[in-house]
Amino acid sequence: MIEAIPLDHVVLVATTLFGIGLYGVLSRRNAVAILMAIELMLNAVNINFIAFSMYVSPDPTVGQIIAVFVITVAAAEVALGLAIVLQIFRNKSNINVDDLDLLRW
Amino acid sequence: MNFAAVLFYAFSAIAIVAALGTVLARNIVYAALSLVGTMVMIAGIFFILHADFLALVQLLIYAGAVGVLLIFGLMLTNTGQPATGPKDRWQRPIAFVAAMAFILVAGYAAVSTDWMQGVVPQLERVPPAVLASSLFRNWALPFEIASLVLLVAMIGAIVISRRETSND
Amino acid sequence: MDLVSTLALLAKGLVVLLIFLAAPLIFVLAERKILGRIQSRRGPNRVGPLGLFQTVADGIKLGTKEDIIPPAADRVVFWVAPLFMVIPAIAAWSVIPFGPMVEIGRETGLWITNLNVGILFVLALGSLNTYGPVMSGWSSNSKYAHFGALRSGAQIISYELTLGLAVLAVVVYAGSFSLIDIVESQRHMWLVAPQFLGFLIFIVSGVAETNRAPFDLPEAETEIVAGYFVEYTGIRFAMFFIAEYANMFLMSMLVTVLYLGGWNGFTIPGLEGVSGVVWTMAKALTLMFGYFWLRATLPRLRYDQLMSFCWKILLPLGVLNLLVASVLRMVWS
């Protein structure tokens, strides 16, 4: 069934999603929005892992397993990131990353 | 063009539109909801690429847990301010150029490389049992480390987000 | 895929859709009647013989009511939120088996599709169930709805963990994620016997997942009016109702399939299909009665009790149960 989809197209979709995520990380100012854009980039990477393991790798399980690890790390990252954002919100009642300049002089 | 290919291109198009919504929407909750849309569409792409288990893990963890956590975070930190202030105007064009540069360079590399050279594509559905035995035999150590990472993250999140109590 | 199997698939889908739409009509009436009996009342008895048409009348009333959108609400999200309640609820039915393989002209199973990751599919759709409450609560822009959404989200995520742990022990015993294989593996012994602890954990988490009494805090009418769907009227309100009852029935079917042997039971030779469906339905309907009984009997928990019960009691028990199941399974094989 999937012979009709060339690998290039899958990789292109993943690249585009990653690029959009990159734009989000660079242009957003809300800390939670930056976390969301990072999630987008991780998702795009997972598409690549799965596509390559399906099309190219001799062992089709490898890419899927690495994707599982990426998802694990992403879940941990969101939990910690949101905890930090909540604590910042309690202290500054604001989560704009421009205002977080305590360490700047 | 067969059914799977049509579905793939449809899912990809929706995923990209929703991803644009994620980074461009002014209303931050709309951004979060379109992120969830992207994640569901990516789960669909996994399904088409014969990674059933991963598709459902994607739905369970990303769309189910991570998405809701992000929306919770937004609800709890809602200050009523617009998502973007006047300070970041100059950053947008630079971000756009960087993202476009990445897409063009990586996209060119993806298209111009002959990935399939000397490879016979497998394109087979991997049963969950095969995936599991590979995960628990060849990848046992990384698996244990991943569980440790999750444990540390869980404890860390609880410690960080706990309110400081004055009675100690 | 040839024409006949496509038609068969369509027919099966239509039957399941009809069950999905008819179930709330029947169950709402049954619940009111049973609650009435338990509380020494008669329940609805005015519309039609014995009050049988009460929910039909209610449905017509809801369908013809004005669809009010509060001025402070976020229109787009407010509009789509009820759909996010209904779609996961109906999609999950595609992997639920109603009966065994039967001979109707050709061999066919009494299920829509046999996914080799079926139970994960149901769990994944269950995790999408969080979005309906959260979206409707947020978009209503009202304090009660907001509280209901936060409560519902936290509750569903927490109890999904224990639900998943209980399901994992079942998968360890059956050796497959497919719901059909899980039923087949219970031909000689229902899993409720070796997995009694898991069965209890699953039932408690299932009641919490469907936001039913005694875990109905997201819509606790004495505290926050109706929780996340307080601002909804008319046909959109009815969608929340349909989703709630369809989810309850889905949870009953899941308990039947995972623990009570699904279609396994005494069969009359030659009528395996019919008796299989009868067995499945009888077990699921008994569990539905259990839902109504719980609501009539138990008072609502406090929110901190609900959370600490999940994280401090159910979760360790679930991990222990999974551990014991895995060790037993290894010793056996």
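Two residues are taken to be in contact if their C-beta atoms, placed from the backbone, lie within 7 Å. In this predicted model, no contact joins chain A and chain C, whose closest C-alpha atoms lie 13 Å apart. Two pairs of chains do touch, and the pair with the most contacts is that of chains A and B.

The contact between these two chains draws 65 residues from chain A and 78 residues from chain B. On the side of chain B that touches chain A, at least two residues come from each of helix 1 (3–24), helix 2 (28–48), helix 3 (52–76), helix 4 (91–112), helix 5 (128–137) and helix 6 of chain B, and helix 4 of chain B supplies the largest share, 12 residues. By class, the residues of this side of chain B are 58 nonpolar, 16 polar and four charged.

Within the contact of the two chains, one pair of helices can be described in detail. The axes of helix 3 (residues 61–92) of chain A and helix 6 (residues 140–161) of chain B come within 9 Å and cross at roughly 10°. Because angles under 35 degrees count as roughly parallel, helix 3 of chain A and helix 6 of chain B are roughly parallel to each other. Among the residues making this contact are Phe69(A), Leu80(A) and Gln87(A) of helix 3 of chain A, together with Pro142(B), Met154(B) and Ser161(B) of helix 6 of chain B.

| Class | Residues in the contact of helix 3 of chain A with helix 6 of chain B |
|---|---|
| Nonpolar | 16 residues |
| Polar | four residues |
| Charged | no residues |

Methods:
Residues numbered from 1 in each chain as written. Chains lettered and ligands numbered in written order. Predicted model: local features only at pLDDT ≥ 70, side-chain atom pairs only at ≥ 80, totals over all residues. Axes fitted to C-alpha atoms, helices over the stretch in contact; angles between N-to-C directions. Helix = DSSP H or I, 4+ residues; strand = E, 2+ residues; numbered from the N terminus. Parallel < 35°, antiparallel > 145°, perpendicular 65-115°, else oblique. Nonpolar A, V, L, I, M, F, W, Y, C, P; charged D, E, K, R; others polar.
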